[in-house]
Amino acid sequence: MPKIKAYTPAWLSSPSPGHQLFAPNPDDSGNGPSYASRAASTTGPRRTIAIKGSEVFIAVGKEIRWADLIYLKERWQEKTAQGRGGVHIKREDADGVDDADVIRDSVESGCAEGFRTIKPAAIGSDIQQLIISPRTNFMAVVTAHTVRVILLPDPSHLTAPSLDVIKPKSWSLGPATHANDRSPIASVLWHPLGVNGSALVTITKDAVVRVWELTQKDRWSFDTPTLAIDLKKLADGTSLDQNFAANDLVSKGFSPDSFEMEVAAAAFAARGSGGWSSMTLWIAMGGGDIYALCPLLPSQWAPPPTLIPSLSISVVSNLAAMEDDPDVSEQAKLLAQQQLDWMSDLDNQEPRIVDGPFGEPPTEIYTRPARPGIVPRLQGPFDLDLGPESEDDLDLRLTDIHVIGEKLDTDELMIGEDEGLEMEDTEVEGLSLSIICLLSSSGRVQVCIDVDGTQAQWLPPRNKSKAIGRLTNSPNLLTFSTLDTLDALEMTEDAWPVFSSDVTSRYSFYVTHSSSITYVSLAPWVFRLESELGGDSEAGSDFRIGLLVNGQVSTRERLYNNPAQGDAPLPLSAAVATRDPDLGYFLLSATPFEPVALVFDAPDDDFLPVQSTPPPLGQELPEVRPLAIFEPRPVYQPSHAFDEGSVLPRFIERLRTSRHKTVVNQEIRLSPLTLQLFTEAHQILSDETHRLGVAASEVFLRCAKLQEELKQQITKANEVKARVEAITYDDHFEESEETGSGNAAIEKRLQSAREKGEALSRRLEKMRKTINKATNRELSRKEQDWVKEVKALDAAIDDSAAPVDGPSRAKQWMDRYRKISELKGELKEQAQALDAPASEEENHSNPAKDDLRIPSELRRSKIGQVKSLLERETALVEAVKSRLERLAVAG
């Protein structure tokens, strides 16, 4: 889990220029409450922040703020170092200067502030989503009913000393299709296999999927989709020859499909996923049903280099397995044959080679196969096995879906190849099954696993549709775990929580709700499950997998709580994570008024090896960062009710231009009109004073809480101070004492600690002996035999002791001891006899011995051998004797 280092940094807080990125439009300053209520009452996902490297795009109303975060940070640091940004006083006189004036003066002096304003053309309502293309050259600007694609401007505009509004080149996507009088937009996705990342997929709430292949050279590509599929027609389809195109006429009649097939969200897996994952569109319906379209491709698509070979191996192996199995159904055989026809069409193509961006290999472009058909079968609705049973509508209504594709199986792909395949670690590590995460209005996250593996499927041809029939078995998803991210008091009917991807791992993500931001990681169990699924041993695998399923192994941590201002908290934009060497590991979100940022510790810092040896001379020591012993907390922001203007002047101004304008300048008369006007004014004033009263009470409660927190901080500081003084003994020495007294005190303290430790050891040993003596436990049979043996040895060694009947083994030891003693005496006598020199008299009296002369070298060697044997026996005897003595003492 990421560790929070700090909350919103100073260079994004007021009154820094970075704070102006998130401030409401000055044109709406007189209508501030309506702007906040508009943002809170919007139904659907709120993704108003998009990041491209260090550049950030924030949608505020109908305009887009664009900035470079690194440039903003550096400019703020420069101003702070010069002393101009330390204190900010806002003047309110006639010649007052606010933040906008300061920024304008800085730009006029030739200094760029690092941010600009983008105003796309023909934006009729507030922007709800910003989605950047994979190649970061286009950005889809999504409102409730319309989509506009803009060409992102060059980053050099950010460093130019200008505040002029940028109006980039833009195109309206499907002006006759996505219009205000048509169905609202549910999801807008960039297809992961589009050529140069220019294929856009839009899904409307009436279950119509459209694929757009955009190119700047052809303006008509923004007007007409290359593929349009009505999912309601496709769900009832029986053959490939039917027409599943969407109907342009607006149908306002009610049907069961209009409720059950109302789309909530859709998602693709990542481009580097294995199998069919990258071309499978997963669709979540608001009622809780899950559908899949595979394969959904544009007419021109660019697969990764390993995708087509891996699919070819999978299709051929599947077909070969079916040919050997006589129990395979006709539907399965037809599906395998359709997949083979699809792959054969691809194999017969000659791909078109297109140069990729700088630093990337060329791209191979294929044409979408026409056989067996361009419209796939709608797979679903999926049955959620082991799913939680709940009757609450908030738990059943889905708001978002997040798909993690299966890993790429390079081992099977590179069989027979000498060289390995160079791939990123994120593409070849992980689980060999797809994971589908579902999010409901109540904040419940369901983690499902596609155990069977979703593959490409098509409807049967017309001549086989009756013989094959419809599929009777619904596909399944295994619900692995369920996580609740909200409390019961935080659940609301109009809430729309969303998923956000993480930049450190594809198995971690964020859940953004209007009340909080929660971090979820699936990494703790994903790799363990993969090791069980890919292991060769099946013994005990069911038990281990059961432990994984039943245990709460997913990481879930709430990172941020959005404080309520008034009756409900302000809505939060979907959190966006970024990682940059200058910014660090950074999470950014926003309310309609201000940013919400979290700075994390870099996860790689936990895995760096610790240097056990000092660096060589001449090498700089690494920077020692201060130990973070404090608990970071967000800066308190007063309620925005204090900054909002009153609506009463606008009400009076509107009254002056209405048909009741004569009443304004006349005396007050008691009439129904006067009562109506006073009632409306009273309603306006009561709402404003109520908000001000609630905001003032929040400030009072916050001040009281601040006092308590300050007392806690002072108490903690005193505790740390006392511990430091206790270590250094500074309170026992006066300032006049020598400098080295501190070291002496520390040594004295260490010596005292050692003495206390030795005293405790002696006391513990004494207590142990006392406890042993106080124990009256009866001896076991073996212990009794051992006591008898010891007493018998004691009696045998000490002749004065009374004879004790002992085991035969003790008697054998004593017999051996006596024999060794006797042998020692005999060998000692023989050695002395050999060492004594032969006398001359004996030599003369026995002349026969002169003939038996023994060489001196042989005699010495034999004597040495005898001495070594004697020493060995002596050592053996001494060892036995000492052991017997120890046994006697112990007895």
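Trainee: Is C437 buried or exposed?

Mentor: This is a predicted model, in which local features need pLDDT of at least 70 and side-chain atom pairs count only at pLDDT 80 or more, while totals for chains, interfaces and linings use all residues. Residues are numbered from 1 along each chain as its sequence is written, and side-chain values use heavy atoms, with hydrogens and water left out. Buried means under 20% relative accessible area, exposed over 50% and partly exposed in between, with a 1.4 Å probe and protein chains only. The relative accessible area of C437 is 0%, so this residue is buried.

Trainee: How far from C437 is the nearest cysteine sulfur?

Mentor: A disulfide is a pair of cysteine sulfur atoms within 2.5 Å, and a search of the whole structure finds 0 disulfides. C437 is in no disulfide, and the nearest cysteine sulfur, that of C448, lies at 7.8 Å.

Trainee: Which strands stand at the edges of the open sheet of 4 strands?

Mentor: Strands are DSSP runs (E, at least two residues) numbered from the N terminus, and two of them pair if DSSP finds at least two bridges between them. The order is β1-β34-β33-β32, with antiparallel pairing.

Trainee: Which residue in β33 does A577 stand opposite?

Mentor: β32 pairs with β33 (residues 584-590) in the antiparallel sense, over 5 bridges. In β33, the residue opposite A577 is L587.
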